[in-house]
Amino acid sequence: MAKQLMFQIKDKLGDVVFQLEDKSAKRTFASIHKADLRQVAGVLHKDFKARFSIASGIDNVKNFELLYHFSFDDLGKIISIRTFVEKDDPVIDSLVPVIGPAAEWIEREIHELLGISFKGHPNLKRLLLADEWPEGKYPLRRDFKNE
Amino acid sequence: MSDKKKIRQTVIPIGPFHPLQEEPEFFKLFVDGETVTDIEINIGYNHRGIEKISEVKSFDQVTFLVERICGICSNSHPFAYCLAIEDLMGIEAPERTSFIRTVIAELERIHSHLLWLGLAGHFLGYNTVFMWAWKYREPVLDIFEAITGNRNHYAMNKLGGVRRDIIDDDIPAILKMVSELVPAMDMFKGAIIDDPVIHARLKGVGILTKKDAIAYAALGPVARASGFDVDIRRDEPYGAYDRVKWNVIVEQDGDVFAKAKVRILEIYESIKIINQCLKKMPKGPIDANIKEVPPGEGIGRIEAPRGECIHYVRSDGSNSPVRHKIRAPSFMSVPTAKASIVGQQVADASIILAAVDPCYCCTERMAVIDKKTNKQVLSAQDLVRMGQEKTRKLWKP
């Protein structure tokens, strides 16, 4: 059943996924270009009824990496969408218009901790950091120094 | 917009903040007369940067670091973290370990749900329920002490195993302690599920529809009370959950009563799971002896008392995680308050927000703002008092 679903997803997305890695029976990582994010998230969430679990942002020094973890609860499987954001243009489409309020808080969190902007987010203000926290300092970036 | 800005300028947050309590949140309620028209949720008052700290701790130390995320679910985070590392390495912990971890996880669910029940009783003015719930939570903590040596922060998990075994000679005594919880739970079930005043106070109050539950990706008892059937223990079995018989409790109404009912009935399922685990536990090693963590990435998730708790870990082969993303269930469930509280009465606000089961200091930081004057008119204490008075009126013949 899980295999069949993977075929269907691959079929639906076509060449959008440029790398697919089945790490184990429960975990799959699919790499996409950031321009395709909304389309892929829409297919997983609307067509395959995947539940948005969370997103993780990583500073890879040469670029930022974003992972969107979608849970397929019927199959006991997580498909993580992997995409990269350039350092000199840290902007990506927000998923709030596609998958709803579930993505609101985590995008605000990634925005303030890594300094990635989400285009189309309805309310991209700070979530966790204090109001006095200086602008332009992002604690989860590798070049962040704790003074 | 200008209206909103004005509100922000005149509101004085009520404090003081207690950094000792978990998850301080600040709810700003906007009201028109008796009706709640909007809510603004502010979090981050106690952000400790644990994901950042994790990057400078060794993999073994992180187990104890994440245990400190929450004092109530202090088994959930290390459990999910260990599963993430085991997923990264492509190994499974020894079988006996899975059973021991499951026993601890379910004991934790019982004590967490009892704690919620007590506080929910307090918000409703049923202080007897509060006293009972906390009284019957004590023996659960005694069981923890018997198994782990600690009443809280059990420190049972380690990468690839557990730190202490459950000694076979102790099992009959533990089983007896667990079985003594059942009559107490029967009393609760009768006192809460059959009480007409509680029906009047909780039924139809603070409804989270199934559609909203899915839109907010709600988790745990909050989701299951709205008919959104998600439970990681069944969906992606870990530990020993696929080797014992139990049921997922799902209710359809989505109101506060349904949330309470789900939690009460789940305690019975937890007792069932613990009994079976202790009886079926196979003999064998309790540690896979992980020496080092290779480069790679892994995701671990478990069903904590409040819902799916998920950890993502990436390693570059060094001694510490390169990135460790943690998502606790309240992160997804707290925003659902926006869907369930608008249009409700102010007197019900404290119990509706409490029904999500965030950690409790939250409601202490609640303020009610009159839309017309932009002044704070009620404090958290006032709201709890109003909730209790509403119940008291129903008691009178």
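Predicted model: local features only at pLDDT ≥ 70, side-chain atom pairs only at ≥ 80, totals over all residues.

User: How many bridges join S6(B) to strand S7 of chain B?

Analyst: S7(B) covers residues 321-327 and runs antiparallel to S6(B). One pair to look for is B:Tyr312 with its bridge partner in S7(B), B:Lys325. The number of bridges joining the two strands is six.

User: Which residue in the turn between S6(B) and S7(B) has a positive phi?

Analyst: These two strands form a hairpin, with five residues between them. Within that turn, a positive phi of about 95° belongs to B:Gly317.

User: What is the bridge partner of B:Ile302 in S6(B)?

Analyst: Here we turn to strand S5 of chain B, residues 296-304, which pairs with S6(B) in the antiparallel sense over nine bridges. S5(B) and S6(B) also form a hairpin, this one with two residues between them. Look across from B:Ile302 into S6(B), and its bridge partner is B:Cys309.

User: How many residues of strand S6 of chain B are buried?

Analyst: S6(B) spans residues 307-315 and is mostly covered. A residue counts as buried if 20 or more other C-beta atoms lie within 10 Å of its own. By that cut-off, the buried residues of S6(B) number nine of nine.

User: Now for chain A: in what order do its elements run?

Analyst: Chain A has four helices and seven strands. Reading from the N terminus on, their order is α-β-β-α-β-β-β-β-α-α-β.

User: What radius of gyration does chain A have?

Analyst: Along its principal axes, the C-alpha trace of chain A spans about 50 × 30 × 25 Å. Because chain A has 147 residues, a compact globule would have a radius of gyration near 15 Å, and the value for chain A agrees with that: 16 Å.

User: Where in chain B is the pLDDT below 50?

Analyst: Chain B has a mean pLDDT of 86, and 89% of its residues reach 70 or more. One stretch below 50 is residues 1-22, which has 25 contacts in the model beyond near neighbours in sequence. Another has 20 such contacts, and it is residues 360-365.

How values were computed. Residues numbered from 1 in each chain as written. Chains lettered and ligands numbered in written order. Rg over C-alpha atoms; globule rule 2.2 N^0.38 Å. Buried ≥ 20, exposed ≤ 12 C-beta atoms within 10 Å, placed from the backbone. Pairing = 2+ DSSP bridges. pLDDT = per-residue confidence, 0-100. Contact = placed C-beta atoms within 7 Å.
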